[in-house]
2 protein chains.
Amino acid sequence: MSDAETVVFDRPGNVCFGCSPTNDRGLQLQFVPVEAGVIESRYVVPGHFAGAPGIVHGGIQAALLDEIMGATISLTVGRKDFEREPIVTVDLSVHYLRPVKTGVPLTIRGRIVDRDKEFFFLEAEICGEDGRSCTKAEGRWKMVSHRRR
Amino acid sequence: MSDAETVVFDRPGNVCFGCSPTNDRGLQLQFVPVEAGVIESRYVVPGHFAGAPGIVHGGIQAALLDEIMGATISLTVGRKDFEREPIVTVDLSVHYLRPVKTGVPLTIRGRIVDRDKEFFFLEAEICGEDGRSCTKAEGRWKMVSHRRR
């Protein structure tokens with residue numbers, strides 16, 4: 001996670017549960033750009049984020065998927081754009097296929113699949129140590145200024 | 001939160017991020033049965049669960065909604081059944097309507113809307129201090145023994 005390609009969102013004032021490197025109660029995710037519009041994070045979920053013992057809580061899985069989507073947009077449209085115009089999740093759909101284990105290296109992957117004038121459309125997944133997809137998600141995001149009322 | 005109606009999931013071995021009273025890095029949600037098939041939780045989200053400063057992270061909102069759904073099934077079908085046959089989320093869809101603030105009392109509400117031989121179908125919402133619904137969700141749950149492969 002310390003190679004030159006790894007991105008840490010260490011901008012001042014970042015308190016985010018998902019990506020702040022200084023929020024020691026958060027996920028502290030770091031991100032690796034893989035290809036255009038695709039971002040990955042390698043992460044070992046600690047035991048305090050379990051639901052049943054040894055299994056990552058479904059809500060924390062949603063948080064991992066939500067966070068990788070935000071990072072994917074941010075790193076694709078550019079950090080400066082992101083900081084000027086925050087983005088928010090509009091809809092998030094998560095499909096739990098098989099258990100995700102705590103304490104083992106996971107790969108969380110986000111991908112922008114479409115974009116129009118108003119929305120970004122994303123897919124994301126959590127893959128286990130063996131590379132199999134355990135949880136999949138689709139998300140719709142927009143700029144804060146376009147937030148649905 | 002301390003009235004006689006409040007339910008704490010204090011069974012031995014409960015490590016759950018959402019509801020364990022001894023997981024001090026978790027949400028430590030407590031639950032109040034409101035009517036048949038409807039459960040509420042009153043909760044003030046601490047700042048370390050923010051995304052943007054002062055706004056609850058979208059993933060933590062998903063965790064609150066996922067957790068209230070699990071508790072709603074558990075408290076509706078009965079604690080003993082739940083402990084014998086754990087339940088898991090199959091699908092969770094979250095719709096973010098307006099920002100959810102940290103540091104203010106929220107109401108998280110779950111409701112069973114249908115059930116068949118295989119699945120429980122639920123709705124949930126997070127309401128702000130003014131009672132307005134900020135985030136809504138639908139979920140599909142099943143017994144672990146019926147987990148999709």
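Q: How many bridges must DSSP find between two strands before they pair?
A: Strands here are DSSP runs (E, at least two residues), as helices are (H or I, at least four), and both are numbered from the N terminus. Two of these strands pair if the bridges DSSP finds between them number at least two.

Q: What kind of model is this, and how are its parts labelled?
A: Residues are numbered from 1 along each chain as its sequence is written, while chains are lettered from A and ligands numbered from 1 in the order in which they are written. Local features need pLDDT of at least 70, side-chain atom pairs count only at pLDDT 80 or more, and totals for chains, interfaces and linings use all residues, for this is a predicted model.

Q: Which residue of β4(A) is the bridge partner of A:Tyr43?
A: Let's follow β2(A), residues 38-44. This strand runs antiparallel to β4(A), residues 105-115, with seven bridges between them. In β4(A), the partner of A:Tyr43 is A:Leu106.

Q: Which residue takes a positive phi in the hairpin of β1(A) and β2(A)?
A: β1(A), residues 32-35, pairs antiparallel with β2(A) through three bridges. A:Glu35 faces A:Val38 across the pair. Two residues lie between the strands, and the one with a positive phi near 80 degrees is A:Gly37.

Q: Which element of chain B gives the most residues to the side that touches chain A?
A: Contact (C-beta atoms, placed from the backbone, within 7 Å) links 35 residues of chain B with 35 of chain A. α1 (58-77) and β3 (87-96) of chain B each give two or more residues to that side. Five bridges also join β3(A) to β3(B) in antiparallel fashion. With nine residues, the top contributor is β3(B).

Methods
Contact = placed C-beta atoms within 7 Å.
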